[in-house]
Amino acid sequence: MLRRALVAAAVTLGLAAGCPARAQEARPGTEQQIREVVIGAHMPLTGSLARSGQAFDEGMRVAVRLFNETAQGLRIKLQVIDDESAPAKAVSAVEKLVSDGAVAVIGGYGSNIVGPASDAANKLATTYITAGAVSDELTARGLKTFFRINNNAGYQRGMAGLIAELKPASVSILASTKEAPALLAKGLARDIGAAGIKVTVHEFDPAISDFKPLINKVKLQDRSEILLMSAYENDYVGIIRAARVLKPPVKLVVGAWSLATPKMYTEFPDLMNNVVGTSFLPFPVAVKDEEGRRFAEAYRQAYGKDIEYLSTLSFVETTILAEAIAKAAEAGTLKSGGLPETLRATDRRTLLGPVKFDATGDNPLFSLAMGQHRSGQIVLVSPPAAATGPISYPALPW
Amino acid sequence: MRDLILQALFSGLLIGGVYALVALGLALSFGAMRIINLAHGELVLIAAYAAYVVEARGGVSPYWAIPLALAIVSVVGAVLFLMIDRIREHRELNSLILTYGVGIVLTNAVLLAFASDVRTTTAPALQDAVTLGPVYAMAGEIVAFGLSLVLMVALWWWLKRSWYGRAVRAVSSNRAAATLMGINPLRTELVAFLVAGALASFAGVALYTMSVVQPALGHALTVKAFIVTVLAGVGSIPGVFLAALLLGVTEALTVTLASSALQELAGMVLFLLVLFLLPSGLFGARARRG
């Protein structure tokens, strides 16, 4: 009887030792096995934000792969749930991920989704990091577990800086009424207007399919020198196409995120030439540091294409989170709530520039350059410190 | 201001033509079978992606995709019809749920096949500006409007003059009486569904040539088509065309005279006003009798 019990106990202990322990604490100073830590992520892999979600997913996976290749004694496992671009699904995803043992959650895309999802994570005392939500309201909540690496102010600085350099007499801003573009347009109007430049803002419903009546206002009423777009890819295509038909007297077309990318030029070559958008890398991609080179190479190997804006955002957030987990595990504070503090101590250069978190979890150092499509290449044209070439101005796609 | 309003009216008419093109199929299945096909926008979407494939991979004009779109959408439409036909109870409500679910499946199938990137024609001829006095349009928009007009007339003729068209109307009016008159209701409804699919095919290809398409667009198209169908009232094909033009012009004028941020609201206000004042729609059965 006793022998049986001993055998059963031995088998049980043996199995327990052999199983990967999720988020198991490291004991400093002891010899360790490779431990597996789960990072959860909710991404809009389907639904209206799927384009962004899929790019984010790719960047995350490459970041985890590269981290695991070099990490000592720790292995990150990524568990991704499709939030279907819906806030309620994102909240459920966070709850499921945390109940499955995720030590931290990487957030999805869109402030309206990230807001409730990060609230849910905070209630579960779980660290939440995002690179896909720029609303100022998110950091105003003062959540101790919330972090993000990009923000509205960074995009605003890049675009307003370019306008300040060009010194036009007037600017028309076409802005989607979705939260992030509307917020950016508001900030841009304030900054550009403060510089003594006449600004007219035209908000449009995201469901709009014909921009001609709107562009006609720019042509006949505003007569602005620069057309600014605070919107998304489908809007950019519709706006530039309508402008090509109506030919307003603008000298330059400038947009926000996801515009100055090789993909946009490949897919819409007749619409993109000379258009300017926020960027952090020129194209052909020229990464200056070892981390960037490794990422670009691994990404090309995995997906057969060059790194781009969204995948790089998620690569950076995932890498920073993984490094903080490793540090917290090493210090033995991962399970006792030490991850937010470790993350808050982050201060490093990344592909997106310096990343540092303030008390609200925001990255006050986030700033982007402006890149101009130039016959299949992207030339960084502003700010002068980041420029790889002079801007073509006046210059239009038509 | 005059030029602004003229352009708004012209743009409104052109976009209204596309709304009509998308709504004709939905109006047919609703009028003939009392089924609101909530996957209709996704059928249009499939046709639009067929146009993308033909243009991007084949390097030819997207209009060559019409036969391919007809074939694919007909097969999907027939399968959808057979699923609806299996519903035995509460057909109108259950078909609503069924087609909504099929719409989600189709959207995600498109997403899997083509990713979530935005697509549109790259043919310069379709994007060239057409100038008519003080107003401008894209060549693709003019073609889409013409196509919409032709299909509206063809559908009206088919329903009025052809044997199957009359059979569709008879089944829609009184299924039991039509059966007694020797009409096979199942076959007639299948034909109506296939014709609706054919209209969706043309709409999808036309949409691709003048607008931007992406997987999430299907649902928005269904909503727009539903608004047009209700505005028009059941049973009036020219009414669908006119209601679509009215919606297009209302939206474009709202953009010009107020703000684009209000354009969807203006459309919905128009929709609610018509529902409140004319519950049978602008050109529905009761209005026509009057």
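I take helices to be DSSP runs of H or I of at least four residues, and strands to be runs of E of at least two. With that settled, I looked up residues 64-84 of chain B, and found this stretch to be 90% helix and 0% strand, with its end C-alpha atoms 31 Å apart. I note at the outset that the model is a predicted one.

I then turned to residues 6-28 of chain B, where the chain is 100% helix and 0% strand and the end C-alpha atoms are 32 Å apart. Both stretches are among those that UniProt, in an unreviewed entry, lists as "transmembrane region" in chain B, the others being 35-52, 96-115, 135-159, 190-210 and 265-285.

Next I looked at where the two chains meet, and counted 33 residues from chain B and 31 residues from chain A in the contact. On the side of chain B that touches chain A, helix H1 (2-33) gives the most, with six residues, while strand S2 (135-138) and helix H11 (237-257) are among the other elements of chain B that each supply at least two. I sorted the residues on this side of chain B into 17 nonpolar, 13 polar and three charged.

Last, I checked chain A, for which the domain assignment gives domain 1 (20-151 + 289-356) and domain 2 (153-285 + 369-382). Their C-alpha centres lie 30 Å apart, and the contact takes 15 residues from domain 1 and 14 residues from domain 2 of chain A. On the domain 1 side, helix H4 (111-123) and helix H13 (309-331) of chain A each supply at least two residues, and the residues of that side divide into seven nonpolar, five polar and three charged.

Conventions: Residues numbered from 1 in each chain as written. Chains lettered and ligands numbered in written order. Predicted model: local features only at pLDDT ≥ 70, side-chain atom pairs only at ≥ 80, totals over all residues. Domains from an automatic or database assignment. Contact = placed C-beta atoms within 7 Å. Nonpolar A, V, L, I, M, F, W, Y, C, P; charged D, E, K, R; others polar. UniProt positions renumbered as here; feature names shortened; annotations may be inferred.
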